[in-house]
Amino acid sequence: MSVTRRSFLQAGLALGVAPVVLGACGTSEGGAGGAAKTITMVTWGGSTQTGIKDTIAAPFQRQTGIPVRVTAPVDYGKYLAQIKSGELTWDWVDVEGWFAVAHSDDWEILPASITSTTASSLVQLPGGPKAVEPWGIENGSYSFAIAYRTDHGDPHPKSWREFFDTSALPGKRSIYNYPYGMLEVALLADGVPFGELYPLDIDRAIRKLNSVRGDLVFWNSGAELQQQLQSGAAPFAFAWNNRAAALAQSGQPVALEWAQNLQDIGYDVIPKNNPRKAELISLINFRAAPENQVAYALATGYSPASTVAMSKISADRAKWFNAYPPNLEQAVGSINLDWWAKNFDTATSKWNAWANA
Amino acid sequence: MTSVQSNVTEPGAPFDPDGAHRDRLRALVDQVLLAPALILLVPIFLLPSALMLYLSLTDPVGVSHYAAVLSSGTARAVILRSLAISLEVTVISVIVAVPYAYLSVRGSRRLRALLLAAVGCTLFFSVIVRAYAWLALFAKGGVVPATLRVLHLAGPDLNLAHTRLAVIVAMVQYGVPYMVLSIYDSFRRVDVRVEQAAAICGAGAILRWRTITLPQMLPGIAAGSVIVFVTSLGYYIIPAVVGSPSDSMIGQLISQQISLTDNWGLGSALACVLMLVSVLAFIIFRRVNNWAGGRA
């Protein structure tokens, strides 16, 4: 399959059409000669993009003189096409943990200087994935948790079972239009203990979701999640903890229920054959420094990867982070990246068949 | 072109070798004039389309992706939904655009300037901005639900964002300007004295409208319908932003195959089906147009 894909892309490149097919993903900085050292960072948009710009890209550029560009959104199709065609224009991509694991053969083995020195001081998620792999290093974590409006009157769901029990707690539920994490919480709600979740019973999870379909509204991005919580379109949401925390900290009547929160990790990786490998290693080193992690965490709401950085965040801010020890203790577990690496396509196809119906 | 040809073919005209020469020259000029469009279309449209067709049949080799499209309940539902939404949007656009275009042609100069400027204005706003504006207008607490509430037509919890209604309204707003401009362009060439003559002969307003005005608008309506229907079919942004997953259209399904599940073959097959449906729609509207043109 990848052979025809590659020949398709190469034929396209030869004809000069690939930038059009791929949505013109910024080849202009290639230019003549040495100008090609600009690092392009790609993330999901919204406050994460602003946070990366202000706390990573700008200070890194000031410190090293390497120009950094930040764009959005992440598109796995475009990124994989770049990796397979060898025409990389996205240097650092804010990929989810499962994606990093699924494509681990496509990443450079990181220098031991990075992987050995920091390993001992990284946040370890409950029962979860390794913080350091030969090809990647933890760059932070977040949690899926129940967010709710505090002005709703009725009690809020305190478990995923209650979240799906729309007769006991009436009201719309805003959920992620994406199976990742959603299938887990649907199965937890259906009575599957966390220890028996994997391999996920996709059909059972979707049946559970379908049983409350009339009460569901869907979000596709962090901004949409925030808009739905803010407008009151739904009093309860399956939320990224950082996006709900940002609303609460800006004075909105929104809070987080940490019980049964589902944790997940991200990795910094470098695609093989990247001509800017040296620059990317400097970038990863820069990101690993605790003081830079604190700034990034405060700007984006993602937990820092380093326990040192986490301990430097004041208690009133720290309580909004998934790696804050009391929140870690309430976690139901972490997403199984190996299962998702193998089953993402199946799960997503089934999810879309259900959601699009 | 026609005048040159008529010089040559006119019965009894003297033999004119220069005429044939001029014809060849004219054909050459035509080809040169077409060149910029071809230079643009071949690399950025025709070749990628051909590659897409190729990919849909070779990744893996065979028609398995087309079989998957045909046997998938989701694909069928989404394609039928796309057709239904596009048809609804086209019909509503016609209903809105016919009186609008009529007033733009027959109204006073000032009214015409105002109406056409209003249509022209909407073309300056990006479709993304408009989609998010509609989202704000339709969302709970937005202008539309608040107005309905003041009129006692809705309760405080009404949320019209992420509904089929929101998708249709937002897409109609996108379609109407094209429909208006298309009808306006064909209708303004119609002689107003035909209507006056009918009135003098005693035809009432309804009879005049039915037998004179509307038939003369039909070519414009048919042309506008092609544009609106075909562009609506491929719509991606509007249903993605203002709709819910159960309003998703074929463009979103294609995007999911390419961006999420890395299934370029199936995505390409879906795109080819979309192109085929668009071409079919184009042919059907052309037939209607010719039929209307024959009648007008």
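User: How many residue pairs are in polar contact across the interface of chain A and chain B?

Analyst: First, a caution: this is a predicted model. Across the interface of chain A and chain B, eight residue pairs are in polar contact, both residues being at pLDDT 80 or more.

User: Which elements of chain A give two or more residues to the side that touches chain B?

Analyst: Five stretches qualify: α1 (2-14), α2 (18-21), α4 (76-85), α10 (222-231) and α17 (337-355) of chain A. The top contributor is α17(A), with seven residues.

User: How do the residues on that side of chain A divide by class?

Analyst: There are 19 nonpolar, 13 polar and six charged residues on the side of chain A that touches chain B.

User: How many salt bridges lie between chain A and chain B?

Analyst: The count is one. B:Asp262 pairs with A:Lys84. Their closest N and O atoms are 3.3 Å apart. The cut-off for a salt bridge is 4 Å, so this pair passes.

User: How is the size of an interface often given?

Analyst: Often as the accessible area lost when the parts come together. Here, chain A and chain B bury about 2,800 Å² between them. Of that, 59% is on carbon and sulfur atoms.

User: And how many residues of each chain are in contact?

Analyst: Chain A brings 38 residues, and chain B brings 29.

User: Now look inside one chain. Into which domains is chain B divided?

Analyst: Domain 1 covers 18-58, and domain 2 covers 65-295. Taken over C-alpha atoms, the centres of these two domains of chain B are 30 Å apart. The contact takes seven residues from domain 1 of chain B and nine residues from domain 2 of chain B.

User: What area do domain 1 and domain 2 of chain B bury between them?

Analyst: About 580 Å². Carbon and sulfur atoms hold 80% of it.

User: Which residues of domain 1 of chain B lose the most area to domain 2 of chain B?

Analyst: B:Met52, B:Leu55 and B:Ser56. Together they make up 75% of what the domain 1 side buries.

Definitions and conventions: Residues numbered from 1 in each chain as written. Chains lettered and ligands numbered in written order. Predicted model: local features only at pLDDT ≥ 70, side-chain atom pairs only at ≥ 80, totals over all residues. Heavy atoms only, no water. Domains from an automatic or database assignment. Contact = heavy atoms within 4.5 Å. Buried area = accessible area lost by both parts, 1.4 Å probe. Salt bridge = Lys/Arg side-chain N within 4 Å of Asp/Glu carboxyl O. Polar contact = N/O pair within 3.5 Å; in protein donor to acceptor, adjacent residues only side chain to side chain. Helix = DSSP H or I, 4+ residues; strand = E, 2+ residues; numbered from the N terminus. Nonpolar A, V, L, I, M, F, W, Y, C, P; charged D, E, K, R; others polar.
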